[in-house]
Amino acid sequence: MSVKVLYFGSLREKLGRANDDCVPAANARVIDIWSQLNPTLPLPEHTLCAINQDYVKTDAVIRDEDELAFFPPVTGG
């Protein structure tokens, strides 16, 4: 199983990278992927997550060849 992981905005800056390739365990959830790739950094509060460009919650299950994206919260004015 292979998953492409993308980081945007301040998350990309904080992590020092724009993407990762990941081989998660079967039935891995979004939060599991974050923890696997960033073991020393908890997922920041209010981070938006998307699988294949559809917003999901952190308990959504990842499937083979999904694209998982993490976005920092966006504010407007």
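Rings of Phe, Tyr and Trp, the last represented by its six-membered ring, are said to pair if their centres lie within 6.5 Å, and planes under 30 degrees apart count as stacked, over 60 as edge-to-face and the rest as tilted. By this rule the count comes to 5 aromatic pairs in the structure. The model is a predicted one, in which local features need pLDDT of at least 70 and side-chain atom pairs count only at pLDDT 80 or more, whereas totals for chains, interfaces and linings use all residues. Residues are numbered from 1 along each chain as its sequence is written, and side-chain values use heavy atoms, with hydrogens and water left out.

One of these pairs joins Tyr-7 and Trp-34, whose ring centres are 6.0 Å apart and whose planes stand at 80 degrees, so the pair is edge-to-face. It links distant parts of the chain, since Tyr-7 lies in strand E1 (residues 3-7) and Trp-34 in helix H2 (residues 30-37), 27 residues apart; helices (H or I, at least four residues) and strands (E, at least two) are DSSP runs, numbered from the N terminus. Both Tyr-7 and Trp-34 are buried, a word that here means under 20% relative accessible area, with exposed meaning over 50% and partly exposed in between (1.4 Å probe, protein chains only). A second pair, between Phe-8 and Phe-71, is stacked, at 4.7 Å centre to centre and with 5 degrees between the planes.

The strands named so far belong to an open sheet of 5 strands, in the order E2-E1-E5-E3-E4, with mixed pairing; two strands pair if DSSP finds at least two bridges between them. Strand E2 (19-22) and strand E4 (54-56) stand at the edges with a single partner strand each, so one side of each is left without a neighbour in the sheet. Within the sheet, E1 pairs with E2 in the antiparallel sense over 4 bridges, and in this pairing Val-3 stands opposite Cys-22, while Leu-6 has Asn-19 as its bridge partner. E1 and E5, by contrast, run parallel and are joined by 4 bridges, with Tyr-7 opposite Phe-70. Strand E3 (residues 48-51) pairs with E4 in the antiparallel sense over 3 bridges, and Cys-49 has Val-56 in E4 as its bridge partner.

E1 is mostly covered, as 4 of its 5 residues are buried. What is the relative accessibility of Asp-20? At 15%, Asp-20 counts as buried. Its side chain is joined to that of Tyr-7 by a polar contact of 2.7 Å, and to that of Arg-17 by another of 2.7 Å; a polar contact is a pair of N or O atoms within 3.5 Å, where within protein one must be able to donate a hydrogen and the other to accept it, and residues adjacent in sequence count only if both atoms are side-chain atoms.

In soluble globular proteins, nonpolar side chains tend to be buried together. A nonpolar core is a set of buried Ala, Val, Leu, Ile, Met, Phe, Trp, Tyr and Cys residues joined through side-chain atoms within 4.5 Å. The largest such core has 17 residues, of which Val-5, Tyr-7, Val-30, Ile-33, Ile-62, Leu-68 and Phe-70 touch the most other members. E1, H1, H2, E3 and E5 each supply at least two residues of this core, and the largest share, 4 residues, comes from H2.

Lastly, Thr-47 is found in the loop between H2 and E3, and at 12% relative accessibility Thr-47 counts as buried. The side chain of Thr-47 reaches the backbone oxygen of Pro-44 at 2.7 Å. Leaving aside neighbours within four places in sequence, Thr-47 is in contact (heavy atoms within 4.5 Å) with Leu-11, Phe-70, Phe-71 and Pro-73.
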